[in-house]
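Reader: I would like to learn how to read a fold from its atoms. Could we take one feature at a time?

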Amino acid sequence: MRTCVGCKRRALIGELLRVVAVAGRVVVDERRRLPGRGAWLHPDPDCLAKAERRRAFPRALRAPGALDACEVREHVGRTTSHHEAGTCPASRGTKEAGRPVMSQP
């Protein structure tokens with residue numbers, strides 16, 4: 001389980017994109033093998049917009065200054081054509097085993 005830096009919801013690793021900072025920009029780590037600190041994000045335009053608005057990438061990746069997320073925007077734009085538009089995968093209200101999500105204390 002990992003937490004999306006955009007919506008702050010927990011989800012399975014398979015439902016999230018791993019992103020890393022490389023030379024002042026955020027890149028998608030499709031194979032999840034790039035070195036360095038990673039952050040996790042739903043492949044959803046809303047989660048990406050929230051992460052950018054909150055300036056979550058520099059904080060999560062512990063990178064000084066602003067990071068360019070153009071490559072992530074392009075990747076999310078390509079993947080949303082394959083998924084149902086406007087829905088966040090973690091917003092279904094169930095865990096991986098089909099049980100309802102319980103609130104955390």
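This is a predicted model: local features need pLDDT of at least 70, side-chain atom pairs count only at pLDDT 80 or more; totals for chains, interfaces and linings use all residues.

Author: Start with a helix. The buried residues of α3 are V72, H75, V76 and T79. Buried means under 20% relative accessible area, exposed over 50%, and partly exposed in between, with a 1.4 Å probe and protein chains only. Helices (H or I, at least four residues) and strands (E, at least two) are DSSP runs, numbered from the N terminus.

Reader: What covers the buried residues of α3?

Author: The cover includes β3, β4, β5 and α1 (45-53). Contact means heavy atoms within 4.5 Å.

Reader: Which residues of α1 are buried?

Author: C47, L48 and A51 are buried in α1. Seen down the axis, they fall within an arc of 100°, so they line one face of the helix. They pack against β5, α2 (56-60) and α3.

Reader: Now the strands. How should I read a sheet?

Author: Strands of a sheet pair through backbone hydrogen bonds, either parallel or antiparallel. In this model, three strands form an open sheet in the order β4-β3-β5, with antiparallel pairing. Two strands pair if DSSP finds at least two bridges between them. The edge strands are β4 (25-28) and β5 (38-41), and each pairs on one side only. Neighbouring strands of this sheet are turned by 40° against each other on average, direction ignored. Axes are lines fitted to C-alpha atoms, for helices over the stretch in contact, and angles run from 0 to 180 degrees between N-to-C directions.

Reader: Which strands does helix α3 touch?

Author: Helix α3 (residues 70-80) packs on the sheet and touches β3, β4 and β5. Its direction makes about 30° with that of β4.

Reader: How many bridges join β3 and β4?

Author: Strand β3 (residues 17-22) pairs with β4 over four bridges, in the antiparallel sense. The two strands form a hairpin with two residues between them. A23 in that turn has a positive phi of about 50°. V22 of β3 stands opposite R25 in β4. V22 counts as partly exposed, at 33% relative accessibility. V22 and G36 are 14 residues apart in sequence, and their C-alpha atoms are 8.8 Å apart.

Reader: How do I read charged pairs?

Author: Side chains of opposite charge can pair when their charged atoms come close. The rule for a salt bridge is a side-chain nitrogen of Lys or Arg within 4 Å of a carboxyl oxygen of Asp or Glu. The count here comes to three salt bridges.

Reader: Which parts does the pair of D29 and R18 tie together?

Author: D29 lies in the loop between β4 and β5 and R18 in strand β3, so the pair ties together parts that are 11 residues apart in sequence. The N to O distance is 2.4 Å. D29 is buried, and so is R18.

Reader: And the pairs that involve α3?

Author: E71 forms a salt bridge with R25, with the closest N and O atoms 3.1 Å apart. E71 lies in helix α3 and R25 in strand β4, so the pair ties together parts that are 46 residues apart in sequence. E71 is partly exposed at 33%, and R25 is partly exposed at 35%. R73 forms a salt bridge with E52, at 2.9 Å between the closest N and O atoms. That pair links helix α3 to helix α1, 21 residues apart.

Reader: How many disulfides does a search find?

Author: A disulfide is a covalent bond between the sulfur atoms of two cysteines. The cut-off is a pair of cysteine sulfur atoms within 2.5 Å. A search of the whole structure finds zero. C47 is buried at 2% relative accessible area, whereas C70 is partly exposed at 34%.

Definitions and conventions:
Residues are numbered from 1 along each chain as its sequence is written. Side-chain values use heavy atoms; hydrogens and water are left out. The arc is that of the directions from the helix axis to the C-beta atoms.
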